[in-house]
Amino acid sequence: MALHVPSASAAPADLQVDYRCTANTPTSIVRHDPVRLTTRLNFATDLVVGDPLNFIWKLDYADDTRLQSPGYFPAGALLHAVGNVELDSSWQGILKPKGSADQTAELRPDDELALPETLTDPGLINKAGTIKVSPKDIVVDFTPPDGSVVVNDGNEADNPSDLEIVYNGTWTPRDDLPGSEHHEHNDLHETTTPGDSAELTFIGTQVEYIGPWDKTAGPVDVYLDGTKRATVNPSRDGNDKPRNSNMDGGHTLWKSPTLAYGSHVVKIVSASASPVWLDAFKVSTTAKTPTGFHRATCHLIGGPVSVIVTVREPTKPTETVSPTISPTVNPSETPTKPTPTGSVSSSSSPTATIPHVDPGVDRNLVSVVPGTLNTGTPTPKPTTTKTKYVKAQVAKTPKGGVDSGEAPEPPGGGSYGLIAGGSMLLMGSATGGLLLRRRKAEHAGGVES
């Protein structure tokens with residue numbers, strides 16, 4: 001099954017992907033038939049630079065097949081799961097969402113293992129672009145709890161594990177020993193034949209050989225994973241001096257270094273005709289992280305799945321522009337007129353433009369003359385207003401004149417009338433300006449002669 005979410009969509013991806021898990025090793029948590037898982041992968045598909053790309057991957061069993069305990073373990077084991085998400089396009093690489101589930105009860109071989117509820121792997125996106133997201137395999141593994149177990153040479157009631165000591169030679173079980181000798185479960189095995197051996201195959205990170213101190217004990221060779229590691233003599237102390245003990249049981253006669261978590265073999269061999277005793281082996285486990293020893297790999301069932309994630313640049317904040325507030329004018333208030341200062345030049349024209357039409361001139365002709373009022377302060381640049389002609393000044397072109405495209409002069413008129421009318425218009429304009437200045441002066445309380 002393949003699902004593609006368009007990059008423009010802001011809806012989160014919600015994928016259901018099924019898996020088939022198979023064993024990687026003989027000690028895998030897939031102990032029998034392949035195990036079916038069903039998963040749901042959820043993540044956002046429309047992100048902004050700086051957002052987390054966070055995968056939430058939920059796991060569950062798809063049918064009645066189960067991942068199972070590979071042995072006897074106390075409560076506290078962990079089941080780990082690591083997903084693989086391939087990133088392509090603007091990013092290249094693999095993300096690994098992780099999760100783990102605590103196994104709260106003691107485990108026996110083939111007990112069902114609880115799955116992690118979710119796998120997660122959040123990370124920040126630091127650039128814009130597109131990401132093609134493709135879920136891949138899921139790896140599951142098992143880590144036993146830290147601790148130790150004593151493997152005794154008694155029956156199942158004394159030794160509740162799948163670990164078993166194998167004796168080679170003429171070993172004699174001694175199960176009638178008094179509790180005052182401190183043997184494990186008050187029993188042990190004994191041999192006086194050189195070359196007799198006893199071995200244990202175990203899974204863990206350390207092992208100890210436990211037996212009694214005794215003044216008559218003979219030397220013992222110790223092998224680990226097929227290699228001789230030591231020769232111990234329970235009849236002598238740490239300074240190689242003879243002991244004066246009689247069957248003082250329960251002591252560690254040899255202890256291995258810390259080993260890689262996995263399967264190991266410890267063996268002791270009698271090196272003389274003197275008595276050799278084996279009480280127990282103590283196996284310890286300290287595995288902080290999964291090691292692959294119990295691993296299984298889950299592969300997708302069906303076709304590939306891919307989703308496109310779009311990462312956008314963050315939107316810049318909108319700048320707020322304060323509106324320009326015009327001053328409020330109260331209609332009831334009368335504007336204060338400025339008082340003119342200094343002398344007024346008679347040649348100056350008022351700031352206001354006042355048209356003047358001479359009665360003897362055609363009323364359809366309007367001429368506007370701009371002027372400037374001198375107030376004694378620096379004179380601003382004069383405002384130039386174009387003269388607007390509403391009607392042609394010359395109605396007709398005189399006979400014999402240059403063809404100007406205008407109509408000839410009307411009868412009874414003449415050039416002199418036009419000139420005289422223009423002179424009167426200008427004089428009237430000047431007189432009007434003088435009148436305006438007088439009125440302004442009177443309004444301001446001044447007198448102008």
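Close-up 1. Phenylalanine 293 is buried, with a relative accessible area of 18%; buried here means under 20% relative accessible area, exposed over 50% and partly exposed in between, with a 1.4 Å probe and protein chains only. Tyrosine 261 is also buried, at 10% relative accessible area. The model is predicted: local features need pLDDT of at least 70, side-chain atom pairs count only at pLDDT 80 or more, and totals for chains, interfaces and linings use all residues. Residues are numbered from 1 along each chain as its sequence is written, and side-chain values use heavy atoms, with hydrogens and water left out.

Rings of Phe, Tyr and Trp (its six-membered ring) pair if their centres lie within 6.5 Å, and planes under 30 degrees apart count as stacked, over 60 as edge-to-face and the rest as tilted. The count by this rule is six aromatic pairs. One of them joins tyrosine 261 and phenylalanine 293 edge-to-face, at 5.9 Å centre to centre with 85 degrees between the planes. Tyrosine 261 lies in the loop between β18 (248-255) and β19 (262-270) and phenylalanine 293 in the loop between β21 (280-285) and β22 (296-300), so the pair ties together parts that are 32 residues apart in sequence. Strands (E, at least two residues) and helices (H or I, at least four) are DSSP runs, numbered from the N terminus.

Close-up 2. Strand β16 (residues 220-224) is joined to β19 by five bridges. Tyrosine 223 stands opposite lysine 267 in β19, and the charged end of lysine 267 sits over the ring of tyrosine 223, 5.6 Å from its centre. The criterion is NZ of Lys or CZ of Arg within 6 Å of the ring centre and within 35 degrees of the ring normal.

**Close-up 3. Arginine 243 over tryptophan 213.** Arginine 243 lies over the face of tryptophan 213, at 3.7 Å from the ring centre.

Note on methods
Two strands pair if DSSP finds at least two bridges between them.
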